[in-house]
Amino acid sequence: MTPLFNLLAAQAEVPEVIDRIPSGFSYFVLPFTIGVAFMFCWIGIGTIRLLAAMPREDRIKFWKSLFIPKTAAKNIKELFCDCLFHVKIWQRKPLLGYMHSAIAFGWFMIIILGHIEVALFVPARLNVTRGGLFYPIFYRYFVWMNPGHTTLRGSFFFFLMDFFLLYILSGIALAVFKRFRSIVLGMRHTTKPSFADRVALYSLWMIFPLRLLAESFTADLSGGSFLTIPVNQFWHFLFGDKLWFMPCWWAYSICLGLFFAAMPFSRYMHILTEVLWILLRNAGIKPNHPRKGVAEAEIYACSSCGLCLDACPMNVQKKNLKFSSVYFIRFLRRHNEKKINAIADKCLMCDKCHALCPVGVDAPALRRAQRATVNNSLPYDYSYLGSVVSKDTVRTAKDTGAAAELRPYSAAAKRGWTRPGSDGCPEGMVSEPIQTYSSNPEVLYFAGCMSHLTPRIIKSVEKIFKAAGVEYAFADRDGGICCGRPLMLAGKTDAAAATIAANKKMIQESGCSTLVLSCPICFKIFKEEYHLEGIKVVHYTQFINELIASGRLNVEKTDRKMVYHDPCELGRGCGVYLEPRAALSQVGTLVKASKEYDESICCGGSLGSLTLDTHDRAKISEASLTSLLDGKPETIVTACPLCLKTFSETVANSGRIAGKVKVKDFAEAISSTL
Amino acid sequence: MVDFGFGLVPSSRINLDLFDKEKYDELAAMEPDVRICMACGSCTAVCTAGKFVPTSLREAIEAIKNANSEKALQMLESCQLCGKCSMVCPRGINTRHLILSITKVYSQK
Amino acid sequence: MKNNILIIGGGPAGLEASAQLQRMGYNVILIERSAKLGGHLAKWDRLFPDRVPADEVLGGLLRAAEGVKCFTDTDIRAINRLEKSYNVRLTNGITVLSDAVLVASGFDLFNAVRKEEYGYGIYNQVMINADLEAYFKTGDDKRIENPKKIGFVHCVGSRDEKSGCRSCSKVCCATAVKQAIEIKQAFPQADVFCFYMDLRLFGRHYEDLYLEAQKEYGVRFIRGRVAEVSENYDGTLLVKAEDTVASKPLKVTLDLLVLMSGMRPSASVKELGEHLGMMVEEDGYFSVRSGISAGQRSPQPGIFLAGAATGPKTLPETLADARAAAMEIDRYLTEIFPDARNYKQLVKERW
């Protein structure tokens with residue numbers, strides 16, 4: 001020892017910290033080093049393969065996006081807020097957010113700080129050949145604090161490291177507790193870990209207590225702070241002067257090694273993959289296959305945190321927990337075709353899991369892509385679409401009031417072609433009183449398939465249009481073709497494209513300037529996939545709200561207590577939350593549901609699910625209803641024909657609620673006050 | 001057995017002995033409710049595509065049971081999966097899933 | 001003094017009525033022309049819709065009727081009407097002076113041999129519902145040996161002018177569905193077809209039985225009448241029907257065909273009607289005082305009716321009918337019958 005001191009004393013600057021082990025190596029670092037090297041190789045190769053599998057345009061788009069200032073700023077913001085601080089989880093469940101961010105941010109900090117410590121005090125060791133890979137991790141083993149030469153800076157770093165270690169340990173404590181009483185952290189249901197998950201999880205739990213143990217064992221040699229030093233004194237109290245610290249450091253390294261070795265096979269790969277996924281997502285690159293290409297980054301970015309499982313509306317029945325997004329992603333990783341298809345077909349596509357995923361994994365989109373791999377190749381024949389005509393949507397009444405002349409829309413009909421056997425005039429229409437309007441109506445109203453089974457919507461909408469003096473044409477009064485979204489939800493993308501093309505033609509030839517939809521399912525696809533140039537596409541809640549706000553429609557405010565149900569496709573699907581509420585506030589008092597806006601619970605009637613049976617759906621409807629009845633409303637108002645039918649039936653079939661609350665459509669609620 | 005030639009013209013008669021039980025059982029495993037259709041016709045009545053071209057789930061199910069799977073596929077090829085039939089089926093059959101299942105099972109060679 | 005009441009027919013209606021009347025304190029004499037009590041119920045295995053064992057129900061009826069004087073193998077030799085009562089001479093030599101008579105003569109099954117085109121009695125593998133029920137009870141019938149394809153034909157002898165019966169027999173559809181389930185339980189690998197014209201499943205739990213047959217047992221229901229049955233050289237049956245839903249004639253090869261023979265008024269009706277001077281309607285069943293409000297009274301004072309003697313009934317309906325008849329008898333015997341002076345007047349007003 002003495003010669004070393006002499007050597008040091010001869011140096012110009014007295015170092016605060018000295019290499020205790022000249023070689024800078026000890027065998028115990030091997031488990032960690034092998035483990036982490038394995039993991040880095042795995043992710044390196046994986047990333048290269050993924051980028052190689054991407055189409056060239058997407059790759060270029062990706063590289064470019066990294067330099068666009070706006071995208072770069074978004075990336076940095078999301079990397080900090082979502083990956084480190086888990087802001088999205090804080091917003092929903094604070095204690096859970098604390099737990100995740102404590103481990104994530106805490107560990108991130110001690111790694112960074114560890115490297116800074118090495119850079120400041122033993123810079124030579126940063127070099128990879130001289131142990132740069134493991135030195136910062138095992139800093140407190142390799143260094144020897146030079147007593148009497150500690151500076152404020154040194155103490156500060158010791159303090160920071162101890163502080164962050166304590167921070168992480170508090171998170172770990174919560175994590176262990178969560179395994180026994182998850183409800184305290186706000187999660188009713190949690191994910192069941194797989195075998196690799198368990199290996200990684202238990203070793204992760206052990207890493208930090210072992211680190212505390214190991215560092216405290218060497219605290220009198222390497223230095224420490226408020227956490228490690230008292231523990232060190234405790235060990236001395238227990239074991240006397242000599243402390244066997246090697247076993248602790250071995251254990252620490254082994255746990256680390258185990259964790260990193262298990263990481264690529266467990267959910268914890270998300271730590272690094274989510275970085276890649278966020279960059280890809282913000283570059284605007286979407287997956288088109290549930291497994292290959294960009295989807296690989298997406299499914300490995302999933303951390304199995306279980307928030308999707310906790311929020312999925314199907315989980316009112318424990319047996320349906322296995323269909324949650326987190327398990328879908330797990331089985332995608334394992335290429336378990338049978339389970340993947342079963343889960344993909346069950347989903348309601350309500351998008352709740354996507355809305356609250358801390359990493360922004362779009363599991364419903366992956367499910368649709370999976371459905372497409374099976375359903376898109378099924379045979380279909382839509383040749384009849386080319387000859388479909390939108391009859392009687394425009395009529396001009398002659399002055400004599402005689403039978404109206406019908407002028408159908410499509411180009412084919414303009415050539416005088418009509419369906420064989422029909423005279424172009426639907427039964428009974430001629431004798432009906434018709435409103436007169438000009439040949440190019442301002443508004444085209446498309447009710448959609450479902451609305452024809454809930455005719456009170458159509459009646460109310462027409463009543464409102466008449467009262468507001470809207471010049472409109474009813475595109476599918478006698479029934480039309482489907483908008484195409486159910487086909488898209490089922491994965492039949494080619495068939496959907498054919499339907500879209502046919503409808504698009506009809507709508508564009510109508511000459512309207514606004515397209516009003518009473519069904520949010522239609523609204524979403526008309527807005528996003530149709531690309532109707534020069535036509536404003538609005539949902540009837542938006543249109544009617546505008547009518548009220550501009551004074552074209554006079555409504556009366558009643559003292560009716562109403563609660564509004566956000567339909568999945570309108571709310572989370574299209575971001576329309578405020579306009580329906582603004583309009584409804586003009587006709588009554590709105591009370592709150594226990595879960596609303598983007599947290600609203602699916603009514604259970606969604607077309608998205610291919611395999612849910614009536615019994616399961618009824619349970620989901622009941623749960624959704626219970627949430628709506630929280631504020632004791634007199635009326636439940638919804639803006640979707642499917643929600644309307646589902647809730648009406650649920651209320652009628654439920655003995656205890658039936659008769660106590662009414663279910664009304666949005667247009668019905670507004671028109672009843674005219 | 002001597003064939004007198006009465007079989008020359010394609011039979012306009014349903015021959016239940018030609019029913020493909022294996023395929024039907026495969027279909028029933030995917031969607032057990034195919035068994036409880038009571039052929040009431042509600043699905044056909046509300047069908048969106050049925051207004052334009054012959055489309056009928058009831059007929060498709062009946063065609064399968066009568067050993068005529070080509071007709072079944074024909075009756076479903078124009079389906080838009082709009083879901084109106086599911087809404088009205090009095091037996092609560094998940095008709096959309098049944099349509100997809102029939103197409104999957106019977107379009108395989 | 002206890003009144004004598006004669007009950008003709010020892011089936012469920014007669015047994016239930018006798019038990020009730022005895023409980024009320026009357027002197028009941030029950031006669032049954034066959035050797036055993038219980039009527040058709042004694043031959044059945046399980047009852048629809050919940051498949052309760054028939055012996056349990058019969059056992060209950062017999063226990064409740066203990067103490068009633070029952071004469072089996074006994075019929076009526078002659079009946080004379082006295083002022084108010086009936087003097088009945090039985091074939092066993094006994095004479096009864098009964099103040100009220102309850103006719104519970106029940107029903108017979110249609111003789112399916114008459115429907116020759118179905119081949120009952122001609123082809124080996126054709127049987128009727130009663131035969132199948134007997135098989136379920138005893139497990140013994142040479143015609144049933146691991147059948148692979150089984151058919152049930154509804155409406156045999158019912159709703160058929162050619163068979164002499166326009167009306168529906170009410171219970172055969174539920175019986176067919178029940179038996180279809182039972183034979184599927186016995187032979188799970190078999191394919192079962194039911195050929196019907198209309199499915200009459202009106203009662204409580206009947207629709208669930210239908211759903212069960214379809215869903216759990218894969219029974220195929222084909223709407224269309226079986227018109228012709230022929231026999232292949234190996235004994236299997238070639239059955240021709242129409243699938244009216246598909247609008248096409250249909251053929252299928254079956255190993256076993258079960259005909260749902262309908263209900264007919266009992267053969268004893270003609271004789272009884274003559275003895276008692278009771279009216280019989282075109283459909284062969286006895287007339288009642290009023291189909292809606294007096295279904296257990298015949299047009300003649302003192303003669304009551306219960307059970308399938310007045311038309312096809314399910315078993316619960318028969319038992320309810322019998323209890324109602326007992327009540328009617330009691331009312332008659334306490335309010336009208338004792339008043340000798342005003343008897344005719346009372347009968348005119350209240351019968």
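This is a predicted model: local features need pLDDT of at least 70, side-chain atom pairs count only at pLDDT 80 or more; totals for chains, interfaces and linings use all residues.
Local features need pLDDT of at least 70 and side-chain atom pairs count only at pLDDT 80 or more, whereas totals for chains, interfaces and linings use all residues; side-chain values use heavy atoms, with hydrogens and water left out. Residues are numbered from 1 along each chain as its sequence is written, and chains are lettered from A, and ligands numbered from 1, in the order in which they are written. Two pairs of chains are in contact, and chains A and B share the most contacts, contact meaning heavy atoms within 4.5 Å. Chains A and C are joined by no contact, their closest C-alpha atoms lying 15 Å apart.

**Chain A**

- Chain A contains 30 helices and twelve strands; these are DSSP runs numbered from the N terminus, helices being H or I with at least four residues and strands E with at least two.
- Of its 674 residues, 56% count as buried, that is, under 20% relative accessible area with a 1.4 Å probe and protein chains only.
- The accessible surface of chain A is about 29300 Å², and 61% of this belongs to carbon and sulfur atoms; such areas come from the Shrake-Rupley method with a 1.4 Å probe.
- Among contacts in chain A between residues at least 6 apart in sequence, 75% join residues at least 24 apart.
- Helix 14 (residues 294–301) of chain A has seven of its eight residues buried, including Val294(A), Glu298(A) and Tyr300(A).
- The cover over the buried residues of helix 14 of chain A includes helix 2 (29–53), helix 13 (270–282), helix 16 (325–333) and helix 19 (363–375) of chain A.

**Interface of chains A and B**

- Here 34 residues of chain A are in contact with 24 residues of chain B.
- About 2500 Å² is buried between chain A and chain B, 63% of it on carbon and sulfur atoms; buried area is the accessible area (1.4 Å probe) that two parts lose on being put together, summed over both.
- Tyr384(A), Leu453(A) and Leu610(A) supply 22% of the area that chain A buries against chain B, more than any other three residues.
- Chain A and chain B have zero salt bridges between them, a salt bridge being a side-chain nitrogen of Lys or Arg within 4 Å of a carboxyl oxygen of Asp or Glu.
- The side of chain A that touches chain B has 20 nonpolar, eight polar and six charged residues. Ala, Val, Leu, Ile, Met, Phe, Trp, Tyr, Cys and Pro count as nonpolar, Asp, Glu, Lys and Arg as charged, and the others, Gly among them, as polar.

**Interface of chains B and C**

- In this interface, 19 residues of chain B are in contact with 22 residues of chain C.
- Chain B and chain C bury about 1900 Å² between them, with 48% of it on carbon and sulfur atoms.
- On the side of chain B, Arg13(B), Ile14(B) and Leu16(B) lose the most area to chain C, together 29% of what that side buries.
- Five salt bridges are found across the interface of chain B and chain C.
- One salt bridge pairs Arg91(B) with Glu207(C), whose closest N and O atoms are 2.6 Å apart.
- Strand 1 (14–15) and helix 3 (57–65) of chain B are the elements that give two or more residues to the side of chain B that touches chain C, and helix 3 of chain B gives the most, with three residues.
- By class, this side of chain B has seven nonpolar, three polar and nine charged residues.

Notes
Buried means under 20% relative accessible area, exposed over 50%, partly exposed in between (1.4 Å probe, protein chains only).
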